[in-house]
Amino acid sequence: MPVKTMIDLEKDTTEHIATGDVVDSEMFEAQRDFYENGPTRIQLWDMTGCSVTAITIGGMRTFIERAARKGVVRKDGKTAVIVSSQLQFGLARMAEAFGEFSSLPFAFSVFKDRAEALAWLNEKSEEMADG
């Protein structure tokens, strides 16, 4: 399966690593498993090692609409997507726009750099610890 998921309950983090040619159904399966198995506050999608040419615009919209409905349990959560190609970046930005339109209940952002994504994801953790 091109989407491998790793969960770190101690850090309240789920990381999805996509490889190979990813299709809509694989994204839906990872999303379903994420919400059915008790979602974490922090979610990271690493798309740098995959091809997204088979992901459809309709599939991406459905994915984000489901995230908006199911994501109410992650109100203070964050999701970061890391990409490496222009096509991945464009698709992820489209997802971000769908998320704004669907009123995602958690923060969502796209990055080209893993360190920047991790820094952004951990900002909330530090704020919560302080306040």
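Reader: Which residues lie nearest the centre of the largest cavity?

Author: M27, W45, F63, V81 and F108, out of 21 lining residues. Bear in mind that this is a predicted model, where local features need pLDDT of at least 70, side-chain atom pairs count only at pLDDT 80 or more, and totals for chains, interfaces and linings use all residues. Numbering runs from 1 along each chain as its sequence is written, and side-chain values use heavy atoms, with hydrogens and water left out.

Reader: Why is it called a cavity, and the other one a pocket?

Author: On a 1 Å grid over the protein atoms alone, a cavity is a set of points where a 1.4 Å probe fits but cannot get out, whereas a pocket is an open set with protein on both sides within 12 Å along at least five of seven lines; lining residues have an atom within 4 Å of a point. The count is 1 cavity of 30 Å³ or more. The largest cavity has a volume of about 230 Å³, and the largest pocket about 200 Å³.

Reader: What makes up the two linings, by class?

Author: The cavity has 17 nonpolar, 4 polar and no charged residues. The pocket has 6 nonpolar, 3 polar and 4 charged. D8, K11, T13, E15 and L118 lie nearest the pocket's centre, and α4 gives the most to its lining, with 4 residues.

Reader: How do you know that α1 has the span of a helix of its length?

Author: The expected span is 1.5 Å times one less than the number of residues. For the 13 residues of α1 (residues 24-36) that gives 18 Å, and the end C-alpha atoms are 18 Å apart, so the two agree. After α1 comes G38, with a positive phi near 85°.

Reader: Which residues of α1 are called buried?

Author: D24, E26, M27, F28, A30, Q31, F34 and Y35, each of them under 20% relative accessible area (1.4 Å probe, protein chains only). Their cover includes β1 (3-8), β2 (13-21), β3 (42-51) and α2 (57-70).

Reader: What makes a set of residues a nonpolar core?

Author: The members are buried Ala, Val, Leu, Ile, Met, Phe, Trp, Tyr and Cys residues joined through side-chain atoms within 4.5 Å. The largest such core has 28 residues, and W45, M47 and I55 have the most contacts inside it. Apart from it lies another core, of 8 residues, among them I42, A80, F111 and L121.

Reader: What does I55 touch?

Author: Not counting residues up to four places away in sequence, I55 touches V22, V23, D24, M27, M47, M60 and L91. Contact here means heavy atoms within 4.5 Å.

Key. Helices (H or I, at least four residues) and strands (E, at least two) are DSSP runs, numbered from the N terminus. Buried means under 20% relative accessible area, exposed over 50%, partly exposed in between (1.4 Å probe, protein chains only). Grid points are joined across faces, edges and corners, and a volume is the space filled by probe spheres set on the points. Ala, Val, Leu, Ile, Met, Phe, Trp, Tyr, Cys and Pro count as nonpolar, Asp, Glu, Lys and Arg as charged, and the others, Gly among them, as polar.
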